[in-house]
Amino acid sequence: MAASESAPSSASIDSIHDTYLASLVPPTNERFREIAQIQEEKEVENRKKMKGQTTLSTNPAQPLSEQDQDAAARMIQKTFRGYRARRELDGYSINPSMRWVTAVREAQFRETQRPQPLPPSQVANVNGGMRPASAGARRNWKRAGMVAFRAGRNASDSDLASETDNTDGASSEDRALRRQKREVENAKRRAEARTMGLQYFLEMIDSKHRYGTNLQVYHEEWKKSDAKENFLYWLDHGAGRNIELDACPREQLEREQVRYLSREERQYYLVKIDGDGRLCWAKNGARIDTTEQFRDSIHGIVPAGDTTPVFRPSANPLKDGTSSDSDSSADSNRAADRAAKYATPEFDDASGVKKIHHLSTSTIINKLLRKTVSKNCWIFVADTNFRLYVGIKDSGAFQHSSFLQGGRISAAGLIKIKNGRLKSLSPLSGHYRPPSSNFRAFLHSLKAEGVDTGHLAVSKSYAVLVGLETYIKTTKKGRSFVDKMLRTKVKPADTRPEQKAMDKLSINEAA
């Protein structure tokens, strides 16, 4: 009862509220008009900022003028172009114009590198012992230029990079600084980028993209012959079409064709980083897991039970009535091909001290590369913008060169991921042979992008690679030092032209 009596009644609360309202002094009419004017001015200023500094009508009900509509349309287009350019630079999309440019360039390259016989005029000149016609020389130089451009290009660069300078409201000074910084970073990446080994250029220019090591075997045979035709024409249409080499049978040559991804197919293997620093597929956001529960397909990596078909070269389509027996024989052939890759029989067959005679840097590297032909081997490639692509290697069918069509890379190797968390990296690549410096730069870029590297283990092959590089550098320095010492030895006086002239003058004076 005492508590209820001490509580204020509803009447007393109403009286207190009325007293508070009566104490409030409302502003005058002039003050109301002043506040309203300030609000209108702020609204107009905000609209100017949104419409590109264009003065708009203060009355929302009044329709916009043509100038205001034009400014609004420009703002929408500018915002969309910025969004599109950012996605293209991140590798997530390709606009129609880039598709046309890519298709035209691809058609030009294929037409230039198409195997062709010698023109009749050149055949007559060659048979007659004369020099080839100038048209043939120009064609050869054009072919060489196209190959050099394709091998040295940065396949990930976007032709729309200049549009990013106007994608936000930054000042011209800020845009210039960002552009300058981007140019410096791109120049550094391009200077350190790696191209494929020369023996794999044959794989790139071949229309079928047959495995470069296999083509190299027949290329050596072509150089020994007296053929005048282009190598690929000689191999498929000339005298070389009937040649069968034991080191690489024709069946293996035609079976091992490396898949080169187009710009659109490349998106299926693109990797992005989520907020937790985990690696995810850019196509669907799913976290990557490099286990046997996944397989490759025409749409990238999919679960093992997915019905998406496997990619097969058009040159080797499945025959009608394909059975499990043919599939098993194909699997056994691929297993045999993998067993023959990077083999070192001379070193393996030697015993005791004799192994030392067969030990070399190439033997050690081949021993390391043997890991790349094992089953369920996952590989990665980082382009010159450090965009990451991951896939499953299929020796002779899907290699490091597949991602960027043989273009230049910043890093390449083997990778292991569990539930999006990076577990293991190795700098092994037979096509590119990247040095340890590229691998260190790649690790630095991963950390800069926020990748969770707390559970990362670098393969022992990295330490072996560093040791080999140190050994090679030391050996080269030693050889150059010895050569320099030999060159600085004093030569006999009579071998110097000045001394000979002086001796001749003294003889004449004595006479």
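In the predicted model, a salt bridge joins the side chains of R259 and E265, with a separation of 3.9 Å from N to O.

A second salt bridge is formed by the side chains of D452 and R421, for which the N to O separation is 3.2 Å. Because D452 is placed in the loop between α18 (436–448) and β9 (457–458) while R421 belongs to strand β8, this pair ties together parts of the chain that are 31 residues apart in sequence. D452 counts as partly exposed, at 22% relative accessibility, and R421 is likewise partly exposed, also at 22%. Elsewhere, salt bridges with shared partners link D206, K208, R210, D236 and E254 into one network. Within that network, the side chains of R210 and D206 meet at 2.7 Å, N to O. Both of these residues are buried, R210 with a relative accessible area of 0% and D206 with a relative accessibility of 2%.

Two residues other than glycine were noted for positive values of phi. In H209, phi is near 55 degrees; this residue lies in the loop that runs between α9 (201–205) and α10 (212–224), and it counts as buried at 14% relative accessibility. In N419, which is not a glycine either, phi is positive at about 50 degrees. N419 is located in the loop between β7 (411–418) and β8 (421–426) and, with a relative accessible area of 42%, is partly exposed.

At the level of the whole chain, 20 helices and nine strands are present. Of its 511 residues, 32% count as buried, and the chain exposes about 31,800 Å², of which carbon and sulfur atoms supply 55%. Among the contacts in the chain with a separation of 6 or more, 62% are accounted for by residues 24 or more positions apart.

The largest nonpolar core comprises 58 residues, and those with the most contacts inside this core are L279, F403, I415 and L425. When residues up to four places away in sequence are not counted, F403 touches L261, R266, Y269, I379, V381, Y389, V390, G391 and F398. Nonpolar side chains are also found on the surface, where F481, V482, M485 and L486 form a patch with about 400 Å² of accessible area together. Of these residues, L486 is placed in helix α19, which spans residues 460–487.

With regard to cysteines, C248 is buried, with a relative accessible area of 1%, and C280 is buried as well, at 2%. A disulfide requires a pair of cysteine sulfur atoms within 2.5 Å, and by this rule the count of disulfides in the model comes to zero.

How values were computed: Residues are numbered from 1 along each chain as its sequence is written. This is a predicted model: local features need pLDDT of at least 70, side-chain atom pairs count only at pLDDT 80 or more; totals for chains, interfaces and linings use all residues. Side-chain values use heavy atoms; hydrogens and water are left out. Buried means under 20% relative accessible area, exposed over 50%, partly exposed in between (1.4 Å probe, protein chains only). Patches are made of residues with over 30% relative accessible area and no salt bridge: like charges are joined within 9 Å, nonpolar side chains (Val, Leu, Ile, Met, Phe, Trp, Tyr) within 5 Å. Accessible areas come from the Shrake-Rupley method with a 1.4 Å probe; for residues, only the protein chains shown count as cover. A salt bridge is a side-chain nitrogen of Lys or Arg within 4 Å of a carboxyl oxygen of Asp or Glu. Helices (H or I, at least four residues) and strands (E, at least two) are DSSP runs, numbered from the N terminus. A nonpolar core is a set of buried Ala, Val, Leu, Ile, Met, Phe, Trp, Tyr and Cys residues joined through side-chain atoms within 4.5 Å. Contact means heavy atoms within 4.5 Å.
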